[in-house]
Amino acid sequence: MMASLLSLLNDYTLQNVMAGAALLGLISGVLGSFAVLRRQSLLGDTMSHAALPGVCLGFIIAGGRHMGSILVGALVTGALAALTMLLLTRLSRLKTDAALGIALSVFFALGVVLLTHIQGTHNASQGGLDAFLFGQAAATLRADVWIMAGITAIALTLVAVLWKEFKLVTFDAEFAASQGMPVVWLEALLTMMVALAVVVGLQMVGVVLMAAMIIAPAVAARQWSRRLESMVTLAALIGVAGGVLGALLSALSRGLATGPLIILSVSAVVLLSLALAPGRGLVWEALRLWRGRRRLRQQQVLTTLYGLAARHEDPVFRSEQGLIDSYHGLRTRTALRKLERRGLVEWGEAPPGEPGPSRRWLLTPAGRAEAERVLASLHEEGA
Amino acid sequence: MLAALFDNPAAMIMLVGALVGIASTLVGTFLVLRGNSMLSDAIGHAIVFGIVIVWLATHQQSGPLQILGAALTGLLTVVLTELLVSTRRVKQDAAIGLVFPVLFSIGVLLLNLYARDVHIDTHTVLLGEIGFVWLDTVTLGEYRVPQALLSMGAMTLLNAAFVGVFFKELKLATFDEGLARALGLAPGLLFHGLLLLTSGTAVAAFDAVGAVLFVAFVIVPPATAYLLTDRLWLMFVYGMLVSILSSVSGYALAVAWDVSIGGMMAVMTGAFLLLAFLVGPRYGVIAQWLRRRGQRRLNEIRTLAVHLYNHEGSPEQHEENVTRALREHLLWDDAKARRVVARSREQALIERNGEALHLTPGGRELAREILEPGRRAADGQG
């Protein structure tokens, strides 16, 4: 297994695929963090679908499957779709969701029309344009990897240079405007940069699955971190890890598509993060809830015993199990056992000569003190 | 007669296209109004998973049971999205974008694994083949009816029945969810029913237009209608009209240019939206611009009237109430001042006497109305 993995790693094609997947994870993790925080998660979906007509236009203009012109085309139509969406929401009564859907579907339809137009003209080199729908990671060339690396480097440099500005625009655009920052341009730049990530993703996961690549690493990273710096770093790491894992799985499985496997890997990280992230994790929250409920039940039983003792003016009043159960309307034995273990109640003998069960529950001095403390704190809250 | 119609591929293709649009408009109108349009995108992608599973299980795609089975995955997407949102860890739009790619990915991988058993290839998944719907027929009595026409017709009737029966409830749940809940109408259940029908429509339309173009048919015609009217029933009428027109014109253009028919139909819905966006009677960009221009002109005329009124009969009247003074006092350039004066004279609100500008009685009345809005009402009562 290990040996086969090692020989796989030496495989030239796989090296390209893994490098491409890692670059995609890196750029979409970083840019996706901003998109998700700015509530523009689905804009990535729209822009990636809208890249299709650009791919076709690039193909038509260059007269062949020329990577550079295809990527520029994708960048342009992706940006145009974002602009369309913006104009629709600003100048008409349509809401964001409808504008996103309109830009997505109409641009994609335009892409389909252009695609069939290219196929209709029987251009011999048109083979492989379909592949941009689902990605064609296995066909990644070293030259493609260099292009992706270049785009990623541009995006990361922009983020690094404009870090403070992007951060402020993301969290408090109004304050940024009051500081004299060109907020509109910064927001436009952040949005357009998503198109850069889409362009990198075209080859790896295709236009359809790109949405998850933008959203998933950012959502996963958000669970582990409360600061933008760590969130962006973590999202990049998760993206890279998911990309590489997906590429490896695809190579090991021989024949399973790389794009979906990358998406599933990243999504698995999201699921794990949602469940297990410290503080925000759903498992921990459920545990906290359960513990809280248990503590409350114990306090209720304890104060019930205390109330019974007070009413009978007997600090060591002995209560029957059944009595306490019916007092609470449910079984309390577990809670009582827990209290017994904490030394707050005793499972003592019934007073001699009294009918009923031979063993009863009574408060220990520590239990009395604890019950008084609970009741006092309740009073404080009530006051 | 009927047989001739069923044997006419062009008619069949346009009819199926129109039915896809009409059935989608019926459900899409509520999605657009509720601000949930992108759920159709999620559903469109996720049913790929359902279709593959159902195909592997039953080796059939187009029975009612198959449609229901695959449609349930659409509903599953919605439920999973809601579940994610309810954890309060993920916003709704991010949740949508997380769930459907997972289901879609699993669907594609299953296609990879069982490619030999499944008759759909990944290409059809996204694009559909509406041009071939007339090839796949079933015999109904003495007619050979395209399968897609049957399933789309059934979905259209089902959607129409649902919307017809629950029209009042859907309307209330869409525009005032709180009231609907208070009245015991279960808007959540109603909405899930609507989404199940949306999924069913997506499955039925899948062979014809595929997963992504379906989104265009759900969102664009209702959105176009929304730009044209405020009345719900008119939205349906306009939406269906757009669907039919898109289907016919899309088919004609696709044949003329030899391109994808489904794609061209979807592009045409976009063209009609653009038309409504630009020249819509009330909400169109041009109508808005004209309205704003009219408002601006009215304000200029009113400003001039008030200015003249304020200085009327005062010692400085001869130097204030001249065109020249408007530059300093109202900060208007000469051209603008001349325009406003000309327009005011056209409306007989002012008169020019050499250099001096005078209010007509009508102009004076206008200025008074602005300065003492309560006066006329008081006069009326007095």
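Q: With 13 C-beta neighbours inside 10 Å, what does Arg39(A) count as?
A: This is a predicted model, in which local features need pLDDT of at least 70, side-chain atom pairs count only at pLDDT 80 or more, and totals for chains, interfaces and linings use all residues. Residues are numbered from 1 along each chain as its sequence is written, while chains are lettered from A and ligands numbered from 1 in the order in which they are written. A residue is buried if 20 or more other C-beta atoms, placed from the backbone, lie within 10 Å of its own, exposed if 12 or fewer, and partly exposed in between. Since Arg39(A) has 13 such neighbours, Arg39(A) counts as partly exposed.

Q: Where is Arg39(A), and what is its phi?
A: Arg39(A) lies in the loop between α2 (12-37) and α3 (43-49) of chain A; helices (H or I, at least four residues) and strands (E, at least two) are DSSP runs, numbered from the N terminus. Most residues other than glycine have a negative phi. Arg39(A), although not a glycine, has a positive phi of about 60 degrees.

Q: Is Leu88(A) buried or exposed?
A: Leu88(A) belongs to helix α5 (residues 67-91) of chain A. Leaving aside neighbours within four places in sequence, Leu88(A) is in contact (C-beta atoms, placed from the backbone, within 7 Å) with Leu94(A), Ala99(A) and Ile102(A). With 23 C-beta neighbours inside 10 Å, Leu88(A) counts as buried.

Q: Which element gives the most to the side of chain B that touches chain A?
A: The contact takes 50 residues from chain B and 49 residues from chain A. α3 (38-58), α5 (92-113), α6 (122-127), α10 (187-226) and α12 (261-279) of chain B each give two or more residues to the side of chain B that touches chain A. The element that gives the most, with 12 residues, is α5(B).

Q: How are α3(B) and α10(B) placed relative to each other?
A: Axes are lines fitted to C-alpha atoms, for helices over the stretch in contact, and angles run from 0 to 180 degrees between N-to-C directions. The axes of α3(B) and α10(B) come within 8 Å and cross at roughly 95 degrees. Angles under 35 degrees count as roughly parallel, over 145 as roughly antiparallel, 65 to 115 as roughly perpendicular and the rest as oblique. The two helices, α3(B) and α10(B), are therefore roughly perpendicular.

Q: Which residues touch the most other members of the largest nonpolar core?
A: A nonpolar core is a set of buried Ala, Val, Leu, Ile, Met, Phe, Trp, Tyr and Cys residues joined through C-beta atoms within 7 Å. In soluble globular proteins, nonpolar side chains tend to be buried together. Of the 209 residues in the largest core, those touching the most other members are Val16(B), Ile47(B) and Leu98(B).

Q: What distance separates the centres of domain 1 and domain 2 of chain B?
A: Domain bounds come from an automatic or database domain assignment. Chain B is divided into domain 1 (2-280) and domain 2 (287-381). Taken over C-alpha atoms, their centres are separated by 57 Å.

Terms used:
Contact = placed C-beta atoms within 7 Å.
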